[in-house]
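Please keep the sequence and the 3D view at hand while reading.

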Amino acid sequence: MAEDGARAGAAVRGFGGVAVRIGEGLRAYGLIVAMWVRSTLAYRTSFLLTALGHFAATGLDFLAILLMFSHITALGGFTLPEVAFLYGTSSAALGLADLALGSMDRLGSRVRDGTMDVLLVRPVPVFAQVAADRFALRRLGRITQAALVLGWSLTRVEVAWTPGKVLLVPLMVLCGAVIFAAVFTVGAAFQFVAQDAAEVQNSFTYGGSTLLQYPPTVFAKDLVRGVTFIVPLAFVNWLPALRLLGRDDPLGLPGWVDFLGPVVAALMCGVAGLAWRTGLRNYRSTGS
Amino acid sequence: MRVGTRDTAPGARRQEEPDGTGRREEHGFIELDGVEKVFHVRRKAGRLRRVREEVRAVDGISFSVPRGAMVGYIGPNGAGKSTTVKMLTGILVPSGGRLRVAGIDPARERTRLARRVGVVFGQRTTLWWDLPLKDSYELVRRMYRVPEAAYRRNLERCVELLDLGPLLPVPVRQLSLGQRMRGDIAAALLHDPEVLYLDEPTIGLDVISKAKVRGFLREVNAERGTTVLLTTHDLTDIEQLCRRVMVIDHGRLVYDGGLDGLHAVGRSERTLVVDLERELPPIEGVPGARTVKVEGPRQWLAFPAAQSAAPVVSAVAERYPLVDLSVREPDIEDVISRMYAGSTAP
Amino acid sequence: MLYAAVAAGSFRRYATYRIATASGVFTNTVFGFIIAYTYTALWTARPHLGGYDLPQALTYAWTGQALLAATGLLTGGGMDELQERIRNGDIAVDLHRPADLQLWWLAADLGRAAFQLIGRGLLPMAVGTLAFPSALPASAVTWLLFLVSVALGVVVGFALRYLVALTSFWLLDGAGVSLVAMLLCMFCSGMVLPLNVFPGAFGEVVRLLPWSSMLQVPADVLLGVHDGTGAALALAFQAGWAAVLLAAGRLLQSVATRKVVVQGG
């Protein structure tokens with residue numbers, strides 16, 4: 001009876017409880033991030049150099065695209081500014097997700113060396129701690145580089161801009177970042193089970209972003225279907241970008257699908273949340 | 001540390017935080033009743049076949065620790081010590097039995113309990129590896145929402161007693177093991193926890209660091225009434241800190257009582273190692289001691305752990321040309337294996 | 001022999017990371033697909049770009065994925081470990097061993113590369129060959145030359161990473177140097193795009209740098225771009241860089257060792 005009472009109480013507290021936990025999590029995330037930023041800025045030169053390196057490293061992808069376009073005028077029917085637009089949106093979305101929780105792929109090694117336990121004895125949500133761990137400001141390098149390419153492409157693509165279309169650009173980057181963040185989280189949750197599987201996650205994050213940098217017309221239909229319906233990366237930039245650039249969707253989906261980005265992002269967050277809970281529960285009952 | 005009697009500090013806090021589960025603290029501060037933890041592991045059997053095997057890491061443990069006690073929790077490697085501590089902190093969910101710390105079920109309310117608990121894992125740090133010690137503490141303060149005044153008082157006390165002053169600006173990864181351990185212990189106490197779990201707090205430390213850590217723990221327990229559960233391999237830790245000791249082996253509690261009782265039960269022995277001037281036949285005629293090993297000029301004499309070493313030393317020194325000597329404490333594995341031998345003997 | 005044992009030990013050690021290997025294979029395959037499709041688009045628009053036909057370009061793409069782990073194009077190989085030992089001072093212990101530091105690590109790296117060539121290279125290559133047109137050679141001699149070329153590429157890669165690792169003797173934070181080294185390696189090895197697609201004099205220079213030994217040269221050997229003497233020249237080019245870089249490593253090592261001895265570790 002007492003157990004039942006407690007359970008009912010918990011249910012009533014449910015929504016408030018979730019809100020409180022999210023608040024707590026954000027606060028803890030902020031605390032840890034602030035600490036890392038402060039310690040990074042203590043070594044200003046080192047920070048500037050690594051940020052610059054990150055900027056250059058991520059720029060290599062674009063350099064490859066430029067080299068390709070030194071031989072051709074269109075790739076898969078897309079001009080350089082159009083490909084640059086795809087590149088900019090995809091890379092910016094990944095960059096934001098990477099900045100926010102890019103260290104999550106270290107979860108497996110944390111489980112292996114036992115430092116996961118340390119996170120579990122602190123009075124703040126584990127997710128916030130894992131996400132903020134080793135917060136690296138140098139990842140702004142990727143975002144800066146992507147923003148530059150995106151900015152350049154916006155001045156060159158042939159689009160009849162309306163307020164709605166202008167708004168669509170930041171919205172797709174934001175939704176894309178959330179989708180990538182969800183993928184990061186699912187990948188991390190998977191490492192509760194398979195600790196050495198960090199690289200699988202890279203296929204979907206870095207690999208996914210590379211995929212989205214090129215026009216969908218380049219790839220086989222089945223691959224495009226896969227990233228639309230199974231791992232819905234196509235909603236990061238492909239579908240809204242095709243609409244913006246006035247291109248036909250190779251899968252011939254109805255037009256309203258192009259605007260589903262926010263819905264897909266929300267769904268992905270739900271999936272990620274479930275995966276994370278399952279992973280953590282598995283850890284707490286098996287103790288790895 | 002909060003300087004005051006043990007009634008004011010933690011007692012007052014208990015009033016502020018009524019127990020959410022509706023249960024009052026019952027008999028003890030830490031209560032275990034038939035707690036079990038079963039792991040399933042896959043083991044290779046043959047080339048491709050794998051069998052699922054059940055490992056009972058903790059197999060029905062019950063004990064109760066009153067508030068303010070300092071208890072040793074010992075046992076051989078893999079006996080289930082760490083698993084128990086992990087269940088007490090809510091890291092692991094028990095497979096069976098009932099477990100309460102301060103009236104809270106750790107598995108269900110892990111984060112709430114975390115504010116009232118301090119944990120020191122001997123092997124791995126709870127500090128942030130790349131940050132200076134000071135920054136780690138600052139982060140702990142904010143995470144646990146420790147009031148500024150209490151934080152400053154606690155930190156000052158820790159810095160003084162554990163000699164942390166020169167270490168505060170040093171990144172944790174550059175600290176030696178002993179320094180890091182002291183840093184870790186301080187971090188676990190900044191938020192005035194009511195209970196402190198220490199997992200091998202003196203492992204790998206030099207003699208001076210060990211003494212410092214032990215002195216500090218004694219003081220924390222006496223002054224603040226912090227309940228301490230100490231897991232260790234070093235019997236000296238137990239001897240100097242705990243009046244009560246629990247022994248776990250193969251997931252079961254095999255002894256719970258005073259340390260003297262443990263020695264008596266185990267009939268454990270200490271060893272006097274003497275270096276003589278030259279090779280001599282085995283030493284004889286020392287009351288209460290017998291020579292167990294001879295290697296060149298070095299000889300080993302065993303005597304009951306409960307007995308003082310002084311008469312043995314003087315008896316040897318009187319009749320033999322003594323160059324150097326040392327006393328070795330019985331180690332836990334040894335004590336426990338003797339205990340078994342004692343209990344199974346007819 | 002000591003170094004053979006070190007190599008074998010390293011091989012076995014990497015062989016125990018099964019899930020890591022499997023997830024690496026998965027990632028290499030995914031990237032292989034992405035790159036193969038973009039190359040298909042590029043070579044369809046510009047057939048015979050850089051002297052390759054489409055099947056050759058695709059085989060180049062998959063060779064890149066197959067060699068990625070073995071030649072340590074993206075990761076530090078085992079060199080992170082050396083860097084860590086230098087930083088925490090354990091290197092002093094290594095220097096007192098009755099073994100040559102450079103040879104020891106080279107042996108370990110060869111063992112690692114051998115495993116990663118088999119464990120992480122074969123499967124993506126097979127998948128790529130099945131899923132796309134390919135230009136794999138039928139002649140056993142070409143395959144043999146390819147293996148020699150890969151081995152030399154691994155040595156060049158090791159020699160470069162060894163030099164980078166040794167900078168840790170002087171630099172407190174080696175992250176910057178490692179990053180620059182990785183960038184050069186990615187770009188100049190031909191991982192980003194085949195080097196024969198690089199335009200003009202810039203392309204000429206990049207093709208002469210040591211990094212081309214790590215992917216471009218082995219891939220060209222496999223694709224049969226060189227005839228008999230051409231292949232021999234290609235291997236000599238790699239061997240030359242390997243010798244020069246290993247010698248540079250020795251030189252830097254002796255300077256570093258003197259520093260350690262003077263400072264007493």
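## The surroundings of B:His191

Leaving aside residues up to four places away in sequence, B:His191 touches B:Arg115, B:Val140, B:Tyr144 and B:Val146; two residues are in contact if their C-beta atoms, placed from the backbone, lie within 7 Å. The model is predicted: local features need pLDDT of at least 70 and side-chain atom pairs count only at pLDDT 80 or more, while totals for chains, interfaces and linings use all residues. Residues are numbered from 1 along each chain as its sequence is written, and chains are lettered from A and ligands numbered from 1 in the order in which they are written.

B:His191 lies in the loop between helix H6 (177-189) and strand S6 (195-199) of chain B. Helices (H or I, at least four residues) and strands (E, at least two) are DSSP runs, numbered from the N terminus. B:His191 is buried because 22 other C-beta atoms lie within 10 Å; the term buried requires 20 or more such atoms, exposed means 12 or fewer, and partly exposed lies in between.

## The fold of chain A

Chain A contains 13 helices and zero strands. Of its 288 residues, 46% count as buried. Residues 24 or more positions apart account for 84% of the contacts in chain A with a separation of 6 or more.

## The contact between chains C and A

Chain C and chain A contribute 31 residues each to their contact. On the side of chain C that touches chain A, helix H2 (18-45) and helix H8 (175-189) of chain C each supply at least two residues. The largest share of that side, 15 residues, comes from H2(C).
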